[in-house]
Structure formats: C-alpha cells, structure tokens
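Please look at the sequence and the structure below before reading on.

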Amino acid sequence: LAVIVLKNVCKYYKMGEEIVKALDDVTLEIEKGSFTSIMGPSGSGKSTLMNIIGCLDVPTSGTYILDGMDTSKMDDDQLSMIRNRKIGFVFQYYNLLPKLTAIENVELPLIYAGVPKSKRLKAARELLESMGMGSRLYHYPSQLSGGQQQRVAIARALVVNPEIILADEPTGNLDSRSGEEVMKILSMINEKEKKTIVLITHDMKIANYARNLIKISDGKIVGQEETYEKYV
Ligand code: ADP
Ligand code: ADP
C-alpha cells in the first residue's frame, strides 16, 4: 500500500527570465511502513521534493496523493491540518527551543494538541527513555551533545504519532558515531513502530540505512533500488 504517491510532479521557479526546473516530471510511490532514502547532490531538488511530500509546498503541475488524499485540491488550511496529523519533521539543526528542557521540548506538540499534562509527561518520558535519553530529561539543549539533541528532536516528531517521519539531512551536523546512533534510532522506529520514514541525504553511507533508495539528479529520478546493508 502506497502512502506517498507523486504523479508527474513538476516544480518550477521563475528567476527573472530564466525558469528553474527544480522537479521535472517526478513519479514515485513510497510504501506504508517502508524506509526510503532520497539521495542526490546539492541543487538536485531534494529539499523541493521534501517540501512537497511534507505539504509545505505544492507542485506547479502534477498530483501528490498522501495517504489516499489528493493534496492538489487543498487550500493552505487543509494542507497544514494534514501536515500536522500525518507528518513528523526532523531537521539538520534540530530546531529545539533553547529555553525548554528535553522533556518540555518533546511535550510541546502535545500541548498544542490539547493533551492533559500527566499524559503528556508520560508519553514524552517514555519516548526519551526508549532512545537512551532517560538520564537527560531535564537537560536544556545547550547541555546536550548534537546526537542527543537530535534524539530529542526525533522524540518530538514522534510524540504525536504521525504516519510518516520526514528527515532532512538528520545527521548532517553530527560526527559519524553520533550520526550512526541517530540512524539506528530511525531504523528502530521503522521496525518497531512501523513508521514510514523518508530520509533526505547526500551521503551514501547514511542513505544505506534505508531499505529503498531513490536517486535524484537535476530534478529527475535517475535510479530506484533496494539497499542490502542491514544495521539493526
Ligand atoms: P537540494 O535540496 O537537492 O540542494 P533544492 O530543492 O534546494 O535542491 O533546489 C533545486 C533547484 O531549484 C536548485 O537549482 C535551486 O537553485 C532551485 N531553487 C530551489 N528553491 C528555489 C526558490 N525558492 N527560488 C528559485 N529557485 C529555487
Ligand atoms: P559527544 O561525545 O557525543 O560529542 P559531548 O562531548 O558533547 O558528546 O558531551 C558528552 C556528555 O556531556 C554528554 O552526555 C552531554 O550530555 C554532557 N554535556 C555536554 N555539554 C554539557 C553541558 N554544557 N552541561 C551539561 N552536560 C553537558
């Protein structure tokens, strides 16, 4: 069952006289519960694709169907609703709030969702503990290593139980050991929690943690294959 379906998606940017084809006729399907890397060099269209998959932007032409819903006919309010319900984002620079502790950062999306305090704390604590962060619940981001901050950010993305985790260069700011730890956590989330994970990276070693690899170049899909290395 495909949870992400793009059909003939194009995204054009107008730069004065010139038209930049950031995505040029992209057709792809991503299965529910799969772990997919989207890999390509800088400028190949990865962020544009991520923004469309994450309902942060819409195609110039073509259709994007997310979990059976055609997003091309949605207005901004509908897009933001579907985004908040279906997708958890993980970024290169963590985007944690510096004045909140680890557990408060993870709790935050549940405050917006109207979940009562005791339930929020329990969910945030359990997630952080499952990521080996049980002894860091009350640390502020500045007191955590990069890898630890990214684990907090992953817990925050997961706490609202989204269908899909979209991770944009999640290890881009980490040394290789911390990067491996973060990738192992994403693998665990895929295997144990059955979350669909879409990872954007330019790093082949990181891309290989996924089971499926989509290669993009100049806005076009140029390869799609299974990876064989297994780390978990
Ligand atoms: P990547 O994430 O792989 O580096 P991007 O999706 O950011 O690639 O960019 C793809 C292409 O689209 C590049 O040529 C980039 O310069 C262009 N592009 C991206 N965003 C914009 C924008 N807002 N306006 C104009 N051109 C853009
Ligand atoms: P790594 O070895 O992954 O690079 P660091 O050297 O940054 O990690 O941190 C090692 C340990 O020290 C981590 O467990 C982290 O929580 C703790 N730590 C780092 N900076 C601070 C700080 N400013 N205050 C309290 N604890 C810190």
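Gln 148 counts as buried because its relative accessibility is 15%, where buried means under 20% relative accessible area, exposed over 50% and partly exposed in between, taken with a 1.4 Å probe and protein chains only. This is a predicted model, in which local features need pLDDT of at least 70 and side-chain atom pairs count only at pLDDT 80 or more, while totals for chains, interfaces and linings use all residues. Residues are numbered from 1 along each chain as its sequence is written, chains are lettered from A and ligands numbered from 1 in the order in which they are written, and side-chain values use heavy atoms, with hydrogens and water left out.

- Gln 148 is found in helix H5, helices (H or I, at least four residues) and strands (E, at least two) being DSSP runs numbered from the N terminus.
- Leaving aside neighbours within four places in sequence, Gln 148 is in contact with Met 133 and Arg 136, contact meaning heavy atoms within 4.5 Å.
- Gln 148 and Arg 136 both belong to the residues around ligand 2, which also include Ser 142, Gln 143, Ser 145 and Arg 177; a residue is counted here if one of its heavy atoms lies within 4 Å of the molecule.
- The shell around ligand 2 divides into no nonpolar, 4 polar and 2 charged residues, where Ala, Val, Leu, Ile, Met, Phe, Trp, Tyr, Cys and Pro count as nonpolar, Asp, Glu, Lys and Arg as charged, and the others, Gly among them, as polar.
- An N or O atom in the side chain of Arg 136 is 2.7 Å from an oxygen atom of ligand 2, and a polar side-chain atom of Arg 177 lies 3.4 Å from an oxygen atom of ligand 2.
- Of the 560 Å² of accessible area that ligand 2 has on its own, the protein covers 45%, with areas taken from the Shrake-Rupley method and a 1.4 Å probe.

**Ligand 1 and helix H1**

- Ligand 1 is surrounded by a set of residues that includes Tyr 13, Met 15, Val 20, Pro 41, Gly 43, Gly 45, Lys 46 and Thr 48, and by class this shell has 5 nonpolar, 6 polar and 1 charged residues.
- Strand S1 (2-15), strand S2 (18-31) and helix H1 (46-53) each supply at least two residues of the shell, and H1 gives the most, with 3 residues.
- A polar backbone atom of Gly 43 is 2.6 Å from an oxygen atom of ligand 1, and an N or O atom in the side chain of Thr 48 is 2.6 Å from an oxygen atom of ligand 1.
- The protein covers 62% of the 560 Å² of accessible area that ligand 1 has on its own.
- Helix H1 is largely enclosed by the rest of the structure, because 6 of its 8 residues are buried; among them are Lys 46, Thr 48 and Leu 49.

**Nonpolar cores**

- The largest nonpolar core has 35 residues, of which Leu 128, Met 131, Val 152, Ile 154, Leu 186 and Ile 189 touch the most other members; such a core is a set of buried Ala, Val, Leu, Ile, Met, Phe, Trp, Tyr and Cys residues joined through side-chain atoms within 4.5 Å.
- The largest share of this core, 6 residues, comes from H5.
- Apart from this core lies another, of 27 residues, among them Ile 30, Ile 52, Cys 55 and Ile 216.

How values were computed
Polar contact = N/O pair within 3.5 Å; in protein donor to acceptor, adjacent residues only side chain to side chain.
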